[in-house]
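Subject: Handing over the structure

Dear colleague,

Please find below the structure I promised to pass on. My notes on what was found in it follow directly after.

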Amino acid sequence: MPGVQLVLRSSRVVTPEGTRAASVSVADGRIVSVGPRDMPVPDGARLVDAGDDAVLPGLVDTHVHVNDPGRSEWEGFTTATRAAAAGGITTLIDMPLNSLPPTTTVAHLRTKQESARGQAHIDTGFWGGAIPGNVADLRPLHDAGVFGFKCFLSPSGVEEFPELGPAGLESALAEIAGFGGLLIVHAEDPAHLTAAPQKGGPAYADFLASRPRAAENDAIGRLIALARKLDARVHVLHLSSADALPAIAQARREGVALTVETCPHFLTLSAEEVPDGATEFKCCPPIRERANQDALWQGLAEGVLDCVVSDHSPCTAELKDGDFGTAWGGISSLQLGLPAMWTAARARGHSLDDVVRWMSSGPARLAGLGGRKGAIAPGHDADFAVLAPEETFTVDPARLHHRNPVTAYAGRTLHGVVRATWLRGERIAEAGDAGRPLRQTGRLIERPTG
Ligand SMILES: [Zn+2]
């Protein structure tokens, strides 16, 4: 085959048709064929034999808070994308808040793109934000290439990104539906949060009681009704309450254009195991009980949940200190999401194909990148995560590339060592490269049109 520069082979290549022994041929950064493992290597092509390590399509993480510029001491494009590369992720979409400015106008988007330029180890795109008063900015942002729009229904935690009230939500969604865009929502109903006891303090049970399941369930119910009324596409971010699954499944059966994600921490950590005072486990909505986690796994298995993404939302170590009332809410897991998920998935009898569906092809489809990312198939970008699935390691925060290596996973033994990550046919990370400068060849990407 003329033009092939790289052949990557393994006994376990995860393709849309299943996992099999194969050789993947790459030309100009794209996959040109997936052939038999023993196929001849074309003249001039480099052969990389991954042996029995699994070759996955690079992961796509559509929920990452990079916080750069403005709060780059929390995280930044270089550190976030390097951690992501080390964790097998090859594409991330940055959330519109926690950076300054937030991504709520085209000018702000340009500021963020300038901040990211030349820094990214992996392909990086941007969500826009829908806040009170910026309805007129939504279409220009859409035209400028954001992947969709995030909004909150309850306070976001930062004053420059206020939540939408009922009227604001409806006008934003009507506008977005008018140009065929996507609204992604932090779905907690503020009335339930206000009514719940807000004790603060070190007890995890008190924190859990302050963010009740009803807040999520009712917010999702409102979103379903509005999506149906406006014939709009809505995506529910970081679902924690499994009680909402039946209503979600029913709405989807009825044809409502609703998609839903959950996160590794909801699927791998449980309220019962959070020590009092352990604010590294604080996030909103919160990590709930084991029985809730079992129901989320069932939702994944049944296809009611579309994807699993990190909601990597770091801050400085100081801001993560304090008690459950005062500490910043957010869990950092860019580098650990794949092994954390694989460890729990294999224990529940799931395959790597399932993990790829939840963490690569599912999020790629959500972002409209399905033809380019998220699959080892001809025509797709040659983005790969090479994983040793049976190997284990113990999480050492000092080995994380996150700017603030605070992690709820510290000390856990996980299955799945990421041996190497490839972006468009180029190796961008490999095990043991800590401290070594690596090329920052990630591109700033836009929502595909047409
Ligand atoms: Zn988030």
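The domain bounds used in this message come from an automatic or database domain assignment. This is a predicted model, in which local features need pLDDT of at least 70 and side-chain atom pairs count only at pLDDT 80 or more, while totals for chains, interfaces and linings use all residues. Residues are numbered from 1 along each chain as its sequence is written.

The assignment divides the chain into domain 1 (6-55 + 381-393 + 406-430) and domain 2 (59-366). Taken over C-alpha atoms, the centres of domain 1 and domain 2 are separated by 28 Å. Between them, 20 residues of domain 1 are in contact with 28 residues of domain 2, where contact stands for C-beta atoms, placed from the backbone, within 7 Å. On the domain 1 side, the elements that give two or more residues are strands E2 (18-27), E15 (384-394), E16 (413-423) and E17 (426-430), and E16 gives the most, with six residues; helices (H or I, at least four residues) and strands (E, at least two) are DSSP runs, numbered from the N terminus. That side is made up of 13 nonpolar residues, six polar and one charged, with Ala, Val, Leu, Ile, Met, Phe, Trp, Tyr, Cys and Pro counted as nonpolar, Asp, Glu, Lys and Arg as charged, and the others, Gly among them, as polar.

The largest nonpolar core holds 131 residues, of which Val55, Leu183, Val185 and Leu223 touch the most other members; such a core is a set of buried Ala, Val, Leu, Ile, Met, Phe, Trp, Tyr and Cys residues joined through C-beta atoms within 7 Å. Helix H7 (residues 213-230) gives the most to this core, with seven residues, and at least three residues are drawn from each of domain 1 and domain 2. Leaving out residues up to four places away in sequence, Val55 touches Leu8, Ser10, Arg12, Val13, Val14, Ala50, Ile376, Phe384 and Val386.

Leu109 is found in helix H2 (residues 106-116), and it counts as buried because it has 23 C-beta neighbours inside 10 Å, the cut-offs being 20 or more other C-beta atoms within 10 Å for buried, 12 or fewer for exposed, and partly exposed in between, with C-beta atoms placed from the backbone. Beyond its neighbours within four places in sequence, Leu109 is in contact with Thr103, Phe126, Gly128, Leu141, Ala144 and Val146.

Best regards

Terms used. Two residues are in contact if their C-beta atoms, placed from the backbone, lie within 7 Å.
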